[in-house]
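Welcome to this guided tour. Open your viewer, load the model, and follow along one stop after another.

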Amino acid sequence: MADRVKSQSLLRSVVDLLVLLIAVIALYQAYLFAWVLWYSAFNPGGSAYMRAEARRLSALDPPVSIRYEWVPYDAISTNLKKAVIAAEDARFTEHDGVEWEAIRRAWRYNERQEEAGRNRRRGGSTLTQQLAKNLFLSADRNYIRKGQELVITYMIEAVMSKRRILELYLNVVEYGTGIFGAQAAARHYYRVPAGQLSVTQAARLAAILPNPRVYGKNMQSRFVQSRGRTIAARMRSAQLPD
C-alpha cells in the first residue's frame with residue numbers, strides 16, 4: 001500500500017513538472033510572438049546577434065564599434081534586394097518560410113564534406129530563417145536552437161509581408177566585422193548610401209553573406225568577384241515581393 005502511494009506521488013510530481021515545463025515553453029513562445037508582432041510594425045534598434053557581437057567586439061584590444069543605421073525599404077537599392085534573393089533564397093516570394101528540400105540538400109552536402117575532412121559547409125536556410133536567427137537567437141549550432149528558429153520563422157511568415165521580411169533582413173544582416181545592415185555596408189565598402197549601389201556592388205555584397213567576416217576582408221578576391229558575377233547574372237530573374 002505504501003509503495004503504491006509512493007508511486008502515485010512520484011507520478012503526480014512528474015506530471016506537475018511536465019505541465020510546468022509546457023507552461024514555461026508556451027509563455028516563452030507567446031513572448032517571442034509578441035516581439036514578432038512588434039517588429040511587423042516597428043523597426044528594431046538592433047538584433048540579438050548584433051548585441052552579442054557588440055559584447056564580443058567591445059572586449060577586443062582595441063575595441064571595435066558596431067556600425068548600423070536603419071534605412072527604409074524604398075531607400076535600399078533594388079539591385080541589392082535582387083542580389084540577396086538571387087544569392088540566398090531564389091524562391092523567397094513563393095515559399096512559406098522553410099525550404100525543406102534545400103535543408104536536406106545542405107545536410108547531405110555537409111555530411112560529404114565532413115567525411116572528406118573538409119571545412120566547407122552549406123546552409124539551407126531561407127531569408128526568413130536567417131532573419132529569425134539574427135533577430136532573436138544566438139549563433140550557436142544545435143538542434144534546440146534550430147527548432148526554435150523554425151518556430152519563429154513560421155511566426156514571422158504568419159504576420160509579416162514578404163516586403164517587410166526583406167526590409168528587416170537587409171537592415172540587420174551582417175556584412176563584415178561590426179558591419180550590420182545595407183546602409184552601413186554600402187558606406188563602408190563603397191562610400192555610397194544603400195540606395196545608390198550598382199549591380200556589381202550589390203552582387204559582391206551578396207557574395208560575402210555566407211561568411212562576411214572572412215570574405216569582407218577582401219572584396220577584390222577571386223572568390224568574391226567570381227561569386228559576384230554569378231549572382232549578377234541570376235539577378236535578372238530574381239522576383240521581388242509586391
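**Stop 1: two domains**

Start by selecting the two domains and looking where they meet: 11 residues of domain 1 are in contact with 13 residues of domain 2, contact meaning heavy atoms within 4.5 Å. Domain 1 covers residues 1-42 and domain 2 covers residues 43-237, with bounds that come from an automatic or database domain assignment. Taken over C-alpha atoms, the centres of domain 1 and domain 2 are separated by 34 Å.

A word on what you are viewing: this is a predicted model, in which local features need pLDDT of at least 70 and side-chain atom pairs count only at pLDDT 80 or more, while totals for chains, interfaces and linings use all residues. Residues are numbered from 1 along each chain as its sequence is written, and side-chain values use heavy atoms, with hydrogens and water left out.

**Stop 2: the whole chain**

Zoom out. The C-alpha trace spans about 80 × 45 × 45 Å along its principal axes. Switch to a cartoon view and you can look for 11 helices and three strands. These are DSSP runs numbered from the N terminus, with helices (H or I) of at least four residues and strands (E) of at least two. From the N terminus on, the order is α-α-β-α-α-α-α-α-β-β-α-α-α-α.

Of the 242 residues, 43% count as buried. Buried means under 20% relative accessible area, exposed means over 50%, and partly exposed lies in between (1.4 Å probe, protein chains only).

**Stop 3: residues 14-38**

Select residues 14-38. The unreviewed UniProt entry annotates them as "transmembrane region"; UniProt positions are given in the numbering used here, feature names are shortened, and annotations may be inferred rather than shown by experiment. In the model, this span is 100% helix and 0% strand, and its end C-alpha atoms lie 36 Å apart.

**Stop 4: the largest nonpolar core**

Next, select L80, V84, Y175, Y189, L205 and I231. Among the 57 residues of the largest nonpolar core, these touch the most other members. A nonpolar core is a set of buried Ala, Val, Leu, Ile, Met, Phe, Trp, Tyr and Cys residues joined through side-chain atoms within 4.5 Å. At least three residues of this core come from each of domain 1 and domain 2.

Which residues is Y189 in contact with, leaving aside its neighbours within four places in sequence? Show Y175, G176, I179, L205, I208, G216 and M219 to see them.

**Stop 5**

Move to helix α2, where A48, Y49, M50, E53 and L57 are buried. The buried residues of α2 pack against β1 (67-68), α5 (127-136), α7 (162-172), β2 (174-176), β3 (179-180) and α10.

A salt bridge is a side-chain nitrogen of Lys or Arg within 4 Å of a carboxyl oxygen of Asp or Glu. Because R213 lies in helix α10 (residues 212-215) and E53 in helix α2 (residues 48-58), the pair ties together parts that are 160 residues apart in sequence. E53 is buried, at 5% relative accessibility, whereas R213 is partly exposed at 26%.

**Stop 6: two bridges within helices**

By the salt-bridge rule, the count comes to 11. Select E101 and R104, which form a salt bridge at 3.2 Å, N to O. Both lie in helix α4 (residues 100-115), three residues apart, about one turn of the helix. An α-helix has 3.6 residues a turn, so residues three or four places apart point the same way. E101 is partly exposed at 37%, and R104 is partly exposed at 44%.

Then select E149 and R145, whose closest N and O atoms are 3.0 Å apart in a salt bridge. They sit four residues apart in helix α6 (residues 143-159), about one helical turn. Elsewhere, salt bridges that share partners join E53, R56, E174 and R213 into one network.

**Stop 7: V98 in a loop**

Finish at V98, in the loop between α3 (78-88) and α4. V98 is buried, with a relative accessible area of 4%. Leaving aside neighbours within four places in sequence, V98 is in contact with I103, T126, Q129, L150, T153 and Y154. The C-alpha atoms of V98 and Q129 are separated by 7.1 Å, with the two residues 31 apart along the chain.
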